[in-house]
Structures are given as C-alpha cells and as structure tokens.
Amino acid sequence: MGVRREHIEDLDRLAGIQRENTHAHHALEAAPTRRAGDRLPWLLVGLVGSILATFVVSRFEQVLATRVFVSFFVPGIVYLADAIGTQTEAIVVRGLSFNHSSLQKLLTGEIWTGLLIGLALGGLSFPLVLAAFGNLKLASAVALAILTAGGIATTVGLLFPWLLFRAGKDPAFGSGPVATIIQDVLSLLIYFIIIQLLAV
C-alpha cells in the first residue's frame, strides 16, 4: 500500500497538482470536482502558453507559406523536447528532498545530459531527414534544433522545480503543464530561428 501511495504522489507532482496539506485526498481517490479543481489552474497556465506558442508560429508565417515542409518536423521536435524535459522533471521532483548538491553542479550535469541526448537524437535524425528530403540545410536545422532543445528542456525541467523548492514551495508547481509549455515555446523559437539562420 505504501508503494502505491508513493507512486500516486509522484504522479501528482508530475501533473502539477497542488495539495493544501499532507492529509489531502490522493488525486486518484478524490471526487471529480476536487480533481478538476486541483488540475485546472495549471492547465489554464498551459492554455495561455499555447496561445503564446500559436503567436510564435504565426510570426514565421512566411517561412511556412513558402516552405511547407518545414512544418512537418514541428510536432516531432516539440515532442522530443517535452519527453526529455519530463524525464528530468520526474528525476528532480523525486530527488530534490534528498539531494544537497549546489545548483551549479546540478544544472551543469543536466545541461550536459540534455545535450548528449539531443546529440544522439539529432545525429539519428540527420541522415533520415537527408534521405527523405534530400535537403542538407533542412536536415542540419532539424538536428541542431533537437540538440539545442534537448539542452534547454533539461534546464527547464531542473531549474523551475528547484527554484520553487528553494523558495519553500512544493516542487510540483514547476512540473507538468507549466514546464511543458515553456519547453514548447522555446523549442518552436529555436527551430524557426535555426531555419532562418540556415536559410533553409
């Protein structure tokens, strides 16, 4: 029963569910109205962020209009950044209470981890995109975007919960919807900026 309780608490933190105290109902056991009330505020932040992400994409309307193939890779790049960031959040939320390392050490480690993961995924994507589209600049842009987004995703996944934890807040507040939308917006910006710089 204890293992199940810990597992539910971990899932709550990743979902960004706020708890008033340690005796609050577990998210999966509470009434639907309570569940919705716990989750909705954080999803509203996500809604605002999604509007911002839409605005970012609209700023690159000309690029998308003249080079439609650029849009094919947006879902994949955003997903990979989210997945990398979510892994970091899960590790950070679970380990903050037990880790006493300095922020610089933690941040350096996560940035390098994200870059290594991004390098591996970007390196794998490069020949696939090149073979499918025969466009060296496009393949380079996708690979560089994945590499850069990987490093940023781990940074956001660590930094946001860490700052809240140091402020005496529940690190769950930095997980889930908030960190995800930050990663999404940054990933989009990175990708489109690289596309423009390389003149794909």
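**View 1. Asp 82, a buried residue.** Asp 82 is buried, with a relative accessible area of 16% (buried means under 20%, exposed over 50% and partly exposed in between, using a 1.4 Å probe and protein chains only). The model shown here is predicted: local features need pLDDT of at least 70 and side-chain atom pairs count only at pLDDT 80 or more, whereas totals for chains, interfaces and linings use all residues. Residues are numbered from 1 along each chain as its sequence is written, and side-chain values use heavy atoms, with hydrogens and water left out. You will find Asp 82 in helix α4, residues 74-95 (helices are DSSP runs of H or I with at least four residues, strands are runs of E with at least two, and both are numbered from the N terminus). Which residues is Asp 82 in contact with, leaving aside neighbours within four places in sequence? They are Thr 180, Gln 183 and Asp 184 (contact means heavy atoms within 4.5 Å).

**View 2. Helices α2 and α7 packed together.** Helix α2 (residues 32-58) packs with helix α7 (residues 177-197) at an angle of about 5°, and their axes are 8 Å apart. That angle makes α2 roughly parallel to α7 (under 35 degrees is roughly parallel, over 145 roughly antiparallel, 65 to 115 roughly perpendicular and the rest oblique). Among the residues making the contact are Trp 42, Leu 43 and Gly 46 of α2, along with Ile 181, Leu 188 and Phe 192 of α7. By type, the contact residues divide into 14 nonpolar, 3 polar and no charged.

**View 3. The largest nonpolar core.** This core has 25 residues, and Leu 138, Tyr 191 and Ile 195 touch the most other members (a nonpolar core is a set of buried Ala, Val, Leu, Ile, Met, Phe, Trp, Tyr and Cys residues joined through side-chain atoms within 4.5 Å). Helices α2, α3, α4, α6 and α7 each supply at least two of its residues, and the largest share, 7 residues, comes from α7. Not counting residues up to four places away in sequence, Ile 195 touches Val 63, Val 70, Leu 138, Ala 141 and Val 200.

**View 4. Ala 199, after the helix.** Look for Ala 199 in the segment after α7. Ala 199 has a positive phi of about 50° although it is not a glycine. Most residues other than glycine have a negative phi.

**View 5. A span from the UniProt record.** An unreviewed UniProt entry places the feature "transmembrane region" at several spans, including residues 141-165. Over residues 141-165 the chain is 100% helix and 0% strand, with the end C-alpha atoms 36 Å apart.

Key:
Axes are lines fitted to C-alpha atoms, for helices over the stretch in contact, and angles run from 0 to 180 degrees between N-to-C directions. Ala, Val, Leu, Ile, Met, Phe, Trp, Tyr, Cys and Pro count as nonpolar, Asp, Glu, Lys and Arg as charged, and the others, Gly among them, as polar. UniProt positions are given in the numbering used here, feature names are shortened, and annotations may be inferred rather than shown by experiment.
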